[in-house]
Amino acid sequence: MNLMLKTASASADIPSYTPAGNECALFETAWTRQLPLLLKGPTGCGKTRFVSHMAAKLGVPLSTVSCHDDLAAADLTGRYLLKGGDTVWVDGPLTRAVREGGICYLDEVVEARKDVAVVLHPLTDDRRILPLERTGEELEAPPGFMLVVSYNPGYQNLLKTLKPSTRQRFVAIEFDFLPKEQEIAVVSAESGLPEGRVAMLVELARKLRALKGHDLEEGVSTRLLVYCASLVDAGLSIREAVRSAMIEPLTDEPDVRAGLLEVADAVIR
């Protein structure tokens, strides 16, 4: 059964997002067809903003969980807690979304503990159920529930990756940084810095991204570009802003930092 798409009350309520392809249409189709969705791409390329944009566009609640090494299945499903001398069950964010409907977004899902995948599997096949062993319940996800997860394939090592048995339960969308002109427009709109001045920063970011896998584990994200442009718009010199927002966050190694500053000095004028 297809779902009727809800219209957000006002466009001002929808976080801005610049599509790079047909990802918005793919998300809407996954939502209407009740399909789980996997977003993969580099850090800071807009995956989380995209989910927020689509949830607001569809007019549905969004619950976002930032996954980390200590995140266990119980953190998502819920646990018994003492309240006023009584032991009561408290739903986790995933369970609440399954009970009430809406989108549950697990950001960087591979960072979570391995038992999380076990909980997600029955939700991401034709059963669409969430078994709660502690309460004896078996919740069936309503038509208005959607599971979205994301991860950064380029950052993960062999010990932290999604197993094929998990990946193949999702429809997947690959993200990357926007083309140059689009990224200039986005950074300018987000920071207030004119496009003519942003262009130099984007050019530098593209050169630094080319070093990923050599001297750097990660390239400059669009998020860092916005931070840098915001500092320049606030009155900092370009070199100060670049060092604080585009160089220092990337590395702690003095030699690597010196090399990145040389690249920056050759670009910024």
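Buried, in this report, means a relative accessible area under 20%, exposed means over 50%, and partly exposed lies in between (1.4 Å probe, protein chains only). At 34% relative accessibility, Tyr-80 therefore counts as partly exposed.

The structure is a predicted model, in which local features need pLDDT of at least 70, side-chain atom pairs count only at pLDDT 80 or more, and totals for chains, interfaces and linings use all residues. Residues are numbered from 1 along each chain as its sequence is written, and side-chain values use heavy atoms, with hydrogens and water left out.

## The chain as a whole

The chain contains 11 helices and nine strands; these are DSSP runs, numbered from the N terminus, with helices (H or I) of at least four residues and strands (E) of at least two. Its C-alpha trace spans about 65 × 40 × 40 Å along the principal axes. Of the 269 residues in the chain, 46% are buried. Among contacts with a separation of 6 or more, 70% join residues 24 or more positions apart, where a contact means heavy atoms within 4.5 Å.

## Aromatic residues

Four aromatic pairs are found in a search of the whole structure. Rings of Phe, Tyr and Trp (its six-membered ring) pair if their centres lie within 6.5 Å; planes under 30 degrees apart count as stacked, over 60 as edge-to-face and the rest as tilted. Tyr-17 and Phe-50 form a tilted pair, because their ring centres are 5.1 Å apart and their planes stand at 50°. Tyr-17 lies in the segment before α1 (23-32) and Phe-50 in helix α2 (residues 47-58), so the pair ties together parts that are 33 residues apart in sequence. Both Tyr-17 and Phe-50 are buried. Another pair, Tyr-80 with Trp-89, is edge-to-face, with 5.2 Å from centre to centre and 70° between the planes.

Tyr-17 and Phe-50 also belong to one aromatic cluster with Phe-27 and Phe-175. Elsewhere, Arg-209 lies over the face of Phe-177, at 3.7 Å from the ring centre. A charge sits over a ring if NZ of Lys or CZ of Arg is within 6 Å of the ring centre and within 35 degrees of the ring normal.

## The largest pocket

The largest pocket has a volume of about 660 Å³. A pocket is an open set of points, on a 1 Å grid over the protein atoms alone, where a 1.4 Å probe fits, with protein on both sides within 12 Å along at least five of seven lines; lining residues have an atom within 4 Å of a point. The largest pocket is lined by 29 residues, of which Gly-44, Cys-45, Gly-46, Lys-47 and Arg-49 are the closest to its centre. Two or more lining residues come from each of α1, α2, β9 (171-174), α7 (180-191) and α9 (222-233). Helix α9 gives the largest share, four residues. By class, the lining has 11 nonpolar, nine polar and nine charged residues. Here Ala, Val, Leu, Ile, Met, Phe, Trp, Tyr, Cys and Pro count as nonpolar, Asp, Glu, Lys and Arg as charged, and the others, Gly among them, as polar.

## Individual residues

The table gives the accessibility of selected residues.

| Residue | Relative accessibility | Class |
|---|---|---|
| Met-54 | 0% | buried |
| Leu-123 | 3% | buried |
| Arg-128 | 11% | buried |
| Gln-34 | 19% | buried |
| Asp-233 | 42% | partly exposed |

Met-54 lies in helix α2. Leaving aside residues up to four places away in sequence, Met-54 touches Cys-24, Phe-27 and Glu-28. Met-54 and Pro-15 are 39 residues apart in sequence, while their C-alpha atoms are 8.6 Å apart in space.

Leu-123 is placed in the loop between α5 and β6. Its contacts, not counting residues up to four places away in sequence, include Leu-94, Arg-128 and Ala-141. Arg-128 lies in the loop between α5 (115-120) and β6 (129-132), and has a positive phi of about 50° although it is not a glycine.

Gln-34, in the loop between α1 and β1 (37-40), has a phi near 60°, a positive value in a residue other than glycine.

Asp-233 belongs to helix α9. Not counting residues up to four places away in sequence, Asp-233 touches Ser-191, Gly-192 and Leu-193. The C-alpha atoms of Asp-233 and Gly-213 are separated by 31 Å, and the two residues are 20 apart along the chain.

Methods:
Points joined across faces, edges and corners; volume = space filled by probe spheres on them.
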